[in-house]
Amino acid sequence: MRLRRNSPNICAMRREVSRLVILGIDPGIATVGFGVIRAEQAKTDLIRCGAVTTPAGQRLAMRLQQIYTDVLELIDTFQPDAISVEELFFNTNITTGISVAHGRGVILLAGEMRCVPMYEYTPLQVKQAIAGYGRADKKQMMEMVRRQLRLDAVPRPDDAADALALAICHARFSGSLINFGGKSACSTI
């Protein structure tokens, strides 16, 4: 394949997306995991991870307000280029899923209010990107996150490790040659 002279330079396009700060968020209502990484080419580095927690006895509206405010603060502090959020997966407990959906909604709203591009990944996509196997168990995933970020120990709490997996997943997808805003990087024209 030949790249036309007046086509955008692929290397220049890669430089634009070669260094990203990505905020991964594992939605919840009691605990929202977050992980911030810097991704450059094939290397990912941990910036910060942790969890936003809300008191169990607090009214739902107050918990949602706290999540929203804390996510805005994360965005303002780390100025991410992208936010990676897990898509909802309803297993057996629909009630828990509904409350997680509330939390996820305010997370998406916070990202939208700060104009940060948001990307959503299914658990299967995250597992495939991190462990190379869509049915990897929790222990395998946490170990792979530790290895890929070159950490001495698995990040804690588990929600933070999950959020880091989401951020790493996005780093992998954003670095793909197919991710040029819907435009083909290669052309024979």
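**Salt bridges in the predicted model**

Good morning. I begin with Asp158, which forms a salt bridge with Arg156; their closest N and O atoms lie 2.6 Å apart. Please keep in mind that we are looking at a predicted model. Of this pair, Asp158 is partly exposed, at 32% relative accessibility, whereas Arg156 is exposed, with a relative accessible area of 55%. Salt bridges with shared partners also connect Glu143, Arg146 and Arg147 in one network.

How many salt bridges does the structure hold? The number is 8.

Let me turn to Asp45 and Arg150, whose side chains meet in a salt bridge with an N to O distance of 2.2 Å. This pair links distant parts of the chain, 105 residues apart. Asp45 belongs to strand β3, residues 43-53, and Arg150 sits in the loop between α5 (138-148) and α6 (158-174). As for accessibility, Asp45 counts as partly exposed at 24%, and Arg150 is likewise partly exposed, its relative accessible area being 47%.

The next pair is Glu120 and Arg104, a salt bridge in which the closest N and O atoms are 2.1 Å apart.

Is Arg104 buried or exposed? Arg104 is buried, because its relative accessible area is 11% and the cut-off for buried is under 20%.

Thank you for your attention.

Key: Residues are numbered from 1 along each chain as its sequence is written. This is a predicted model: local features need pLDDT of at least 70, side-chain atom pairs count only at pLDDT 80 or more; totals for chains, interfaces and linings use all residues. Side-chain values use heavy atoms; hydrogens and water are left out. A salt bridge is a side-chain nitrogen of Lys or Arg within 4 Å of a carboxyl oxygen of Asp or Glu. Helices (H or I, at least four residues) and strands (E, at least two) are DSSP runs, numbered from the N terminus. Buried means under 20% relative accessible area, exposed over 50%, partly exposed in between (1.4 Å probe, protein chains only).
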